[in-house]
Amino acid sequence: MAEDLVLKKCDLELEVNGHDHHTADLCRERLVVRRGQPFWLTLYFEGRSYEASTDSLTFSVVTGPAPSETAGTKARFPLSSAVEEGAWAAAVLDQQDGVVSLQLSTPANAPIGLYRLSLEASTGYQGSSFVLGHFTLLFNTWCPADAVYLDSEEERQEYVLTQQGFIYQGSVKCIKSIPWNFGQFEDGILDICLTLLDMNPKFLKDACRDCSRRSNPVYLGRVVSAMVNCNDDQGVLLGRWDNNYKDGMSPMFWIGSVDILRRWKTSGCQRVKYGQCWVFAAVACTVLRCLGIPTRVVTNFNSAHDQNSNLLIEYVYNKFGEIQKDKSEMIWNYHCWAESWMSRPDLQPGYEGWQALDPTPQEKSEGTYCCGPVPVRAIKEGDLSIKYDAPFVFAEVNADVVNWILQDDGSLCKSTNNSQTVGMKISTKSVGRDEREDITHNYKYPEGSLEEREAFKRANHLNKLTEKVETGVAMRIRVGQSMNMGSDFDVFAYITNNTAKSHTCRLLLHARTVSYNGVLGPECGIKDLLNLSLEPLSEKSIPLRILYEKYCECLTESNLIKVWGLLMEPDANSYLLAERDIYLENPEIKIRILGEPKQNRKLMAEASLRNPLPTPLLGCTFTMEGAGLMEEQKIMDVPDPVAAGEEVKVRVDLLPCHVGRHKLVVNFESDKLKAVKGFRNIIIGPA
């Protein structure tokens, strides 16, 4: 009788598998592979070698706390002579003495997660078992049979592998790019993402079913959307929008997802304070990219929050041009969510591709604060019967805004001019370039087109189908070239009279600070012209001066001021309303790199900023982080005070560990100048 087959060791070939599976940064201590693609391992036997005629080798893989073959979380498969793709299988590639090289195949629809790989070896009636090790299985955008397959290598690189990017903020007329460190391959992030899945209520309720459903990116996207906020569970972030962040971090402070996810894990999965829409979207993007689902962050400017699904956002102004009470339904200056790429076998053909996912807790979906995934194509077509949450997302980009003027007798008169259009300049980072891509056309047909009208009919959007009444008098709010933080500046009400008669009107101009979600702050400018004469076929430009001393104490970290004008002609009972959100430009953070950028060679980065304000800055800090450039975020305090016009500098050591293009992201904070962002691309060469 042949002696027992004894396994000496198993080499999971981390380096070669990491390279082949685009997981090299994750494969330093544990095997990480992508489903639907073979991986390699080498078995070393002692005493004698494996003999196909004598020995029987059977492999076993399990995931989750209650593995089950029927649930797809457990599989047993024998060693075969030929490679079999599309299923759990193992085949011999090469054999020399006591060394056997094997290829293992995985199904393209296997649940993702942490697996244990075991081997049962039998010779005749004798047998023994060995645990070969653990590996993590991810979604595979390179595999045509995977539900997240993308056929563009450039897009795969951008939406799965790229660890840095931009998020767009500001206003529709002044879009600002904010650098962000997604850091999905940084140390510990994959384990944190798997912990996040295991903390979700569906797993805690039925672990076997939850682990089985992790084969489906639609399901996973919904879980991540719910777990990035903490409203129903032990999720990652607590949202706050009232500018009171003293017991946590201001949402504007964050410059990456890594610090947020590590704080959540090290605190025992306690919620991290605080997040707002772009932070929720960026953290979701990190988690989904880490798990292998192509994902990007998008920004919708003039985004509607429609609670009652009537596709209508209504504002009421009094005759002094003042908005009557804040309300929950409003227009956000901008709103960010994530898009993930996946097929939708649960829906009719044509709805595969980009799916909108929104982890910001706004409204409940099937009893949970999450949103999506909903096909972007369904939003464009006005198909609101499609799951998940199509009506809410459709309203964000298509709701109508109606402004009412409150009369003395309590009645409401509709403004005949409205300059605010919902759903504009929908933006995301371009593939392979540090530039903005406008993707509004993915969500909406061209304005006034037949296709647009058909989409509105399908959505029963009657407001958009009514004919707009054109008036002979029009008004817009105009601004100068640029408005810098700390400066005084003028804005203008630009009025045109296209009629052949004169009009005598009253013009009210207001300026108030505003948060990006539409909540108004104190007034910082006002003008009231009681008898403004508009000559026939004429134009007028009326200035409103806005002073730093008026806005400095009440400006939020959004750096936004809302200006609106109300033009009233009492004799004709006519009201014209125009408004504009103004973004104040922060000073530039200059970043210098001292030293030659080489792998594993120390570098120094110098960041500097000049105080643009007429007053000193106190409590100044620089925060820096960058995937592949430093192990953890670094915060550097600056000695007080920084005088008006003075330049302040800090330096930090970098130790690049990866060859290639990296982004150093910097944030500056002080008492009067907050959330100033900067970045520098650094090309790291080989050692």
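Is His335 buried or exposed, and what is its relative accessibility? The points below take up this residue and its surroundings.

1. Basis of the note. This is a predicted model, in which local features need pLDDT of at least 70, side-chain atom pairs count only at pLDDT 80 or more, and totals for chains, interfaces and linings use all residues. Residues are numbered from 1 along each chain as its sequence is written, and side-chain values use heavy atoms, with hydrogens and water left out.

2. Burial of His335. At 1% relative accessibility, His335 counts as buried. Here buried means under 20% relative accessible area, exposed means over 50%, and partly exposed lies in between, with a 1.4 Å probe and protein chains only. His335 lies in strand β16 (residues 330-342); strands (E, at least two residues) and helices (H or I, at least four) are DSSP runs numbered from the N terminus.

3. The annotated active site. In an unreviewed entry, UniProt gives the annotation "active site" to Cys277, His335 and Asp358. These residues are spread over 82 residues of sequence, but they cluster in space, with a largest C-alpha distance of 9.8 Å. UniProt positions follow the numbering used here, feature names are shortened, and annotations may be inferred rather than shown by experiment.

4. Contacts at this site. A contact means heavy atoms within 4.5 Å. Not counting residues up to four places away in sequence, His335 touches several residues, including Cys277, Asp358, Thr360 and Glu396. Cys277 belongs to helix α8 (residues 277-291) and is buried, at 0% relative accessibility. With the same exclusion of residues up to four places away in sequence, the residues that Cys277 touches include Trp241, Trp332 and Tyr516.

5. The annotated binding site. The UniProt feature "binding site", also from an unreviewed entry, is placed at Asn398, Asp400, Glu447 and Glu452. Why can they be said to gather at one spot? They span 55 residues in sequence, yet no two of their C-alpha atoms are more than 14.3 Å apart, so they gather at one spot. Asp400, in strand β19 (residues 400-406), is buried with a relative accessible area of 12%. Glu452, in helix α12 (residues 450-458), is buried with a relative accessible area of 14%.

6. A covered helix. In helix α6 (residues 217-227), 11 of its 11 residues are buried. The elements that cover these buried residues include α3 (189-198), α8, β16 and β17 (353-357). At the start of α6, a side-chain oxygen of Asn216 comes within 2.9 Å of the backbone nitrogen of Val218.

7. Salt bridges. A salt bridge is a side-chain nitrogen of Lys or Arg within 4 Å of a carboxyl oxygen of Asp or Glu, and by this rule the count is 35. Arg214 pairs with Asp210 in one of them, with the closest N and O atoms 2.7 Å apart; both residues are buried. Arg661 and Asp434 form another, at 2.9 Å from N to O. This pair links distant parts of the chain, since Arg661 is in strand β35 (residues 660-669) and Asp434 is in the loop between β21 (424-429) and β22 (436-438), 227 residues apart. Arg661 is partly exposed at 44% relative accessibility, and Asp434 is partly exposed at 25%.

8. Glu596 and Arg601 meet in a salt bridge at 3.4 Å, N to O. Glu596 is partly exposed, with a relative accessible area of 47%, and Arg601 is partly exposed at 39%. Elsewhere, salt bridges that share partners join Arg240, Asp242, Asp247 and Lys273 into one network.

Conventions:
A polar contact is a pair of N or O atoms within 3.5 Å; within protein, one must be able to donate a hydrogen and the other to accept it, and residues adjacent in sequence count only if both atoms are side-chain atoms.
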